Each structure stands twice: as structure tokens, then as C-alpha cells.
Amino acid sequence: MSRTNRPAADRAALIDGIVAQFRASLGELRCVGSERLVRHGVSMAHLHVMSMLDRHGQLPMSRVAELLGVSDSNATGLVDRMEEHGFVERVRHPDDRRVVLVRISDRGRQILADVEVLRDDLVVRIMGRLDTAQLERLAVALNDVASVVAEVAADEPGIFSHAHPHTAPASVGAAPAPS
């Protein structure tokens with residue numbers, strides 16, 4: 001038996017089912033957002049670059065290529081098209097004018113905000129269909145997952161390694177302790 005009273009095979013099947021449901025639900029949300037983006041001329045590659053620049057700040061073109069896992073020329077072509085649409089801007093490095101930096105534009109930030117609002121609105125509508133007991137169970141489950149993510153990150157520091165910090169969200173729907 002593992003961490004619960006379920007046999008290991010039952011527990012593994014339960015985890016597999018949860019992962020499949022989670023993936024399908026996130027996929028549906030991603031699909032809704034993608035359709036809206038396509039109507040505005042934003043590809044998933046554009047969205048990825050804008051999100052990356054929003055998180056990391058302005059980056060040299062070589063670093064953009066590295067983070068995307070593509071050649072410098074492929075990254076340059078992508079950034080060229082994004083710049084034509086007004087999603088990003090190129091600027092010279094203040095200390096070395098030979099270095100070209102790429103940064104998200106105001107229009108790019110607005111697109112990211114619009115995508116998040118769409119997703120948040122949709123998630124709120126979905127959550128609104130759950131009753132209070134379901135919402136409370138979901139809040140407890142999400143807090144449990146967040147705690148385990150923190151444990152895994154502490155136990156295996158390299159597993160989530162990337163170049164930007166995250167702030168931990170507050171516990172979801174934490175009820176006051178009984179007095």
C-alpha cells in the first residue's frame with residue numbers, strides 16, 4: 001500500500017485519470033484562447049514569445065533563440081513578423097549598440113491581458129456552476145497540490161529550474177480556524 005489505503009495499481013489508475021481530465025480541461029481552455037488569438041493574427045509562437053518577454057523582460061535576440069530552441073535566423077524571422085504586427089519592439093543595448101534587444105510592446109502586453117481576461121472569465125463562469133461544497137473541495141485539493149509542489153521544489157531544486165521567480169499564491173478559500 002502507498003500513501004493512502006488504495007492499492008498501488010488503483011492509485012496509479014486514479015492519478016492517470018486525473019492527469020487525463022486535467023489535460024483535457026486545460027486543452028479546452030487553450031483552444032478557446034487560441035481561436036480568439038488566431039482571429040487577431042496572433043499565432044501560438046507569437047503568444048509564447050510575448051509571454052516569455054513579459055516574464056523575463058527585454059532579451060537579446062540570441063537568448064530569445066535559445067529559449068525557443070531555434071536558430072538565431074529562425075528567431076529573427078519570427079521577431080520580424082511580430083514586429084510588423086506591433087507585438088514586439090527591437091531596441092539597442094544601452095552599453096553595447098551592436099546588441100539588439102527584443103521587448104514586448106504595449107500592444108503585445110494588451111494582447112496578453114486580453115487572453116488572461118478571457119481565460120479568467122471562462123474559468124469564473126465554469127466555477128460558478130459548482131455548488132459551495134464542490135468549490136470548497138476544489139479549494140482544499142488545490143491547496144494540497146500547491147503544498148506538494150512546494151515540497152517537490154524543495155526536495156528537487158533543479159526540477160523547476162528556470163530563470164524567473166514565482167510568488168506562491170495564497171491558499172485558496174482558506175476558512176478561518178475554528179476558535
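**Exercise 1. Find which residues of α1 meet which residues of α5 in this predicted model, and describe how the two helices pack.**

Solution. 
- Step 1: Start with the α1 side, where L29, R30, V32, G33, R36 and L37 make the contact. Their partners in α5 are I111, D114, V115, L118, R119, L122, V123 and I126.
- Step 2: Sort these residues by class. The contact of α1 with α5 has nine nonpolar, one polar and four charged residues.
- Step 3: Look along the axes. Helix α1 (residues 8-39) packs against α5 at an angle of about 140°, and the axes are 10 Å apart. Angles over 145 degrees would count as roughly antiparallel, and the angle here makes α1 oblique to α5.

**Exercise 2. Now work out how α2 and α3 pack, and which residues they use.**

Solution. 
- Step 1: Locate the helices. α2 covers residues 44-56 and α3 covers residues 61-68.
- Step 2: Read the geometry. Their axes lie 11 Å apart, at an angle of about 120°. The two helices are therefore oblique to each other, and α2 passes α3 in a right-handed crossing.
- Step 3: List the contact. From α2 come H48, V49, M52, L53 and H56, and from α3 come V64, L67 and L68. By class, six of these residues are nonpolar, two are polar and none is charged.

**Exercise 3. Which residues touch the most other members of the largest nonpolar core, and which elements supply this core?**

Solution. 
- Step 1: The core has 22 residues, and M50 and L53 touch the most other members.
- Step 2: At least two residues each come from α2, α3, α4 (72-84), β3 (100-104) and α5 (106-127). The largest share, five residues, belongs to α2.
- Step 3: Setting aside neighbours within four places in sequence, M50 contacts V42, M82, F87, I104, G108, I111 and L112.

**Exercise 4. Where is V99, is V99 buried or partly exposed, and what does V99 touch?**

Solution. 
- Step 1: V99 sits in the loop between β2 (88-92) and β3.
- Step 2: Its relative accessibility is 26%, so V99 counts as partly exposed. Buried would mean under 20%.
- Step 3: Beyond residues up to four places away in sequence, V99 touches P60, V91, R92 and H93.
- Step 4: Compare sequence and space. V99 and S62 are 37 residues apart along the chain, and their C-alpha atoms are separated by 9.5 Å.

Note on methods: Residues are numbered from 1 along each chain as its sequence is written. This is a predicted model: local features need pLDDT of at least 70, side-chain atom pairs count only at pLDDT 80 or more; totals for chains, interfaces and linings use all residues. Side-chain values use heavy atoms; hydrogens and water are left out. Axes are lines fitted to C-alpha atoms, for helices over the stretch in contact, and angles run from 0 to 180 degrees between N-to-C directions. Helices (H or I, at least four residues) and strands (E, at least two) are DSSP runs, numbered from the N terminus. Angles under 35 degrees count as roughly parallel, over 145 as roughly antiparallel, 65 to 115 as roughly perpendicular and the rest as oblique. A crossing is left-handed if the near helix is turned anticlockwise from the far one by less than a right angle, and right-handed if clockwise. Contact means heavy atoms within 4.5 Å. Ala, Val, Leu, Ile, Met, Phe, Trp, Tyr, Cys and Pro count as nonpolar, Asp, Glu, Lys and Arg as charged, and the others, Gly among them, as polar. A nonpolar core is a set of buried Ala, Val, Leu, Ile, Met, Phe, Trp, Tyr and Cys residues joined through side-chain atoms within 4.5 Å. Buried means under 20% relative accessible area, exposed over 50%, partly exposed in between (1.4 Å probe, protein chains only).
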